[in-house]
Amino acid sequence: MTLTKIISNRWLLIAFTAMAMMFGGASQAADNVGFVYVSPIGDAGWTYQHDLGRLQLEKETGVTTSYVENVAEGADAERVIREMAKRGDKVVFATSFGYMNYALKVSNTFRKTAFVHATGYKLGKNMGLVNARFYEGRYLTGVIAGEMTKSNVLGYVAAFPIPEVLQGINAFIKGARSVNPKAELRVIWVNSWYDPGKEREASLTLLSQNADVITHHTDSTAVVQAAEEKGKYAFGYHSDMSKYGPNAHLTATTHHWGDYYVKTVKEVQAGSWKPTSVWGGYKEGMIKLAPLNKAIPADLQARIREMEKQLTAGTLHPFAGPVVDQGGKTIVAAGQNMTDDQLNKMNYYLQGVVSKIPN
Amino acid sequence: MLRLERRPEASQTMSYVSPLIAIVLMLVGGLVLFAALGKNPLEGFKVFFVNPISDLYGVSELLLKATPLMLCAVGLAIGFRANVWNIGAEGQLIVGAIAASAVALHFYGSEGGAHVLILMVVAGCIGGMLWAAIPAFLKTYFNTNEILVSLMLVYVAQLLVSWLVHGPMMDPDGFNFPQSRLFEDSALLPILLEDTRLNIAFTFALGALVVGYIFMFRSFAGFQMQVAGFAANAARYAGFSAKRMVWIGLMSGGAMAGLAGMSEVAGPMGQITEHVSNNYGFAAIIVAFVARLNPVGIFFASLLMALLYLGGEQAQQYLNLPSSISNVFQGMLLMFLLGSDVFINYRLRWKEARA
């Protein structure tokens, strides 16, 4: 037996032992992590992105996961969350706003489980919060829209006038107006998070009102498909939706929860987890743009890439002053940035939106 | 060869046996389904039908889930017996929930007391009745189709609750999220079993079943409605008022659905949101039919239906089956029921094939 062979055998042995220990350790812990989804996973959208995060978590940490999809944001959610905690899941991720009070209630009974609730505002002793600064991506898509529009009319299909949605709308028009002061934005509310029929109708209405770049804050791909059909531009949301409109889809604001899930679960396993409120954006890698369509000119692409760097570095704030609302009132003076507190209470449109806010 | 032969008269026995056949076929279908999905059928069966009720908490959840189904179904059954087709219990449930929530929020921050809950119960029933009064009025005065009107009003009710929780009923400290404040303790139904969510609404449901039974089988009005259901002309010759039956049918459905809505917001939800109903109003229609419009049957059919929901959640968590599994079971149940109902009016006969 040659020396190299002995060495390589030994290396093999060490490698095997190390692997055995790694996997042995993992399987011994056999931590399970539960996910509660508000809709079926499907192949694009809010829940789909969370599920990508779940798969990344499984791959990178070796924990097992289980999920329940299509859990209504009502009384049933509590039973689903409780079942996960009861069987000893290490962490439970409740991924929709309507689970807030139920998750909090269960967390008070099951102190050994770590709970994380997405998009809410109630922290618990063992319940943390997570949300993403979706508006950062919206601002960039707004800049692209402002440059790409010929009619100077942009369209937006939206679900409900809660702060998160208004942040997106306002960041979009602010981005557009930063490069094109003539741009105006029309908004249609469909009063539903997922209703492909209504989303399509709304898109067609916007397009018939001369909008030539449209986007949406709802959960289907109908808006992108409608734009593709009519030969106009659109932005996807949540997921890269380019396969639903290869020509129309300029890019998309995409959500990335995986790194956060991995980090949280590792912290819980190490015992160092504290329930905090995380509101991550470009800096944390939670918000990204999908690949840019080649219809976007190269110099604009370069500018967008530069702005992405600035967002990551924190030197670009989408709601940097002056921020002026629809009625002409200054919300944030020049030289200042809108605070998180102000963002969380947003209930108005900014200048450039020509629709009226409901209620 | 086997042939279907019309029975001289409808079989009474068969009308009760048919749901049982449907349930058995659904279970068999379930085993096949689990096998087709690559799961051990017996394990699937255990996870779906046994695990959800393997402890006291599970049983309490089953009863909690069955409560709104029982309430809605018994109210609907009274109307269905007289061919008054109220398809809109879902909307009546929502409006009942709205009315009860309005009371709870009106007394928010006051001393509280038993009157709050009592008023909420009354408001819930009245809210549901008001919503059901619209199809009743249109039916009796303009002869509009109550199926269409009651169904369409479901969507109106959904938009109404959506508007309210985005507007007048929104929690002022809730960051503009579409939901009301959490109700105070005085506006929450007392819990029946400690450390569970089972509340006294379950006893309301049992009471409603008893009252429904007495009305259907022991009262003259119930008899009139029965006759109208079997033979509308006979009822008319006998001088029974058709208008009155429409009103009774829709009001009972509306009141019970409204009470179900109240029991959701004052029970497991503890507030009102857009998601106040989980299709209880529609599921209750299946319950009422599986139960042959009989309150005793409604009790058991509601439990079965609730178990299908709970089992579906467990099947997702432990077998990685998709969420539509519950709907598949519900669909199988209804389909097999319609199928086996053939044997109420027909029977199988072995006949020699003629040459």
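**Chain architecture, domains and the A–B contact**

Of the 359 residues of chain A, 49% count as buried in this predicted model. The secondary structure of chain A comprises 11 helices and 14 strands. Along the principal axes, the C-alpha trace of chain A spans about 75 × 55 × 45 Å. The radius of gyration of chain A is 23 Å, which agrees with the value near 21 Å that a compact globule of 359 residues would have. Among contacts in chain A between residues at least 6 apart in sequence, 63% link residues at least 24 apart.

Confidence in chain A was examined next. The mean pLDDT of chain A is 91, and 92% of the residues of this chain reach 70 or more. Among the elements of chain A, helix α5 (residues 134-148) has the highest mean pLDDT, 98, whereas helix α1 (residues 3-29) has the lowest, 47. Over residues 1-7 of chain A the pLDDT is below 50, and this stretch has one contact in the model beyond near neighbours in sequence. Residues 15-28 of chain A also have pLDDT under 50, and for them the model has one contact beyond four places in sequence. Where pLDDT is low, the predicted coordinates should not be read in detail.

The domain assignment divides chain A into domain 1 (31-132 + 257-280) and domain 2 (134-253 + 319-344). The centres of domain 1 and domain 2 of chain A, taken over C-alpha atoms, are separated by 29 Å. Nine residues from domain 1 of chain A and nine residues from domain 2 of chain A take part in the contact between them. On the side of domain 1 of chain A that touches domain 2, helix α2 (residues 46-61) of chain A provides the largest share, three residues. By class, this side of domain 1 of chain A holds five nonpolar and four polar residues, with no charged residues.

Helix α10 of chain A covers residues 298-313. With 16 residues, helix α10 of chain A reaches 23 Å from its first C-alpha to its last, close to the 22 Å expected at 1.5 Å a residue. The helix α10(A) is followed by G314(A), which has a positive phi, near 85°.

Chain B contains 14 helices and two strands. Buried residues account for 50% of the 355 residues in chain B. The C-alpha atoms of chain B fill a box of roughly 85 × 60 × 30 Å along the principal axes. For 355 residues, a compact globule would have a radius of gyration near 20 Å, and the 22 Å of chain B agrees with this. Of the contacts in chain B between residues at least 6 apart in sequence, 78% join residues at least 24 apart.

In the contact between the two chains, 21 residues of chain B meet 27 residues of chain A. On the side of chain B that touches chain A, α6 (146-166), α10 (242-269) and α12 (295-319) of chain B each supply at least two residues. By class, this side of chain B has eight nonpolar, 10 polar and three charged residues.

One residue of helix α6 of chain B is L148(B).

Notes
Residues are numbered from 1 along each chain as its sequence is written. Chains are lettered from A and ligands numbered from 1 in the order in which they are written. This is a predicted model: local features need pLDDT of at least 70, side-chain atom pairs count only at pLDDT 80 or more; totals for chains, interfaces and linings use all residues. Two residues are in contact if their C-beta atoms, placed from the backbone, lie within 7 Å. Helices (H or I, at least four residues) and strands (E, at least two) are DSSP runs, numbered from the N terminus. Ala, Val, Leu, Ile, Met, Phe, Trp, Tyr, Cys and Pro count as nonpolar, Asp, Glu, Lys and Arg as charged, and the others, Gly among them, as polar. The radius of gyration is taken over C-alpha atoms; the globule rule is 2.2 Å times the number of residues to the power 0.38. A residue is buried if 20 or more other C-beta atoms lie within 10 Å of its own, exposed if 12 or fewer, and partly exposed in between; C-beta atoms are placed from the backbone. Domain bounds come from an automatic or database domain assignment. The expected span of a helix is 1.5 Å times one less than its number of residues. pLDDT is the predictor's confidence in each residue, from 0 to 100.
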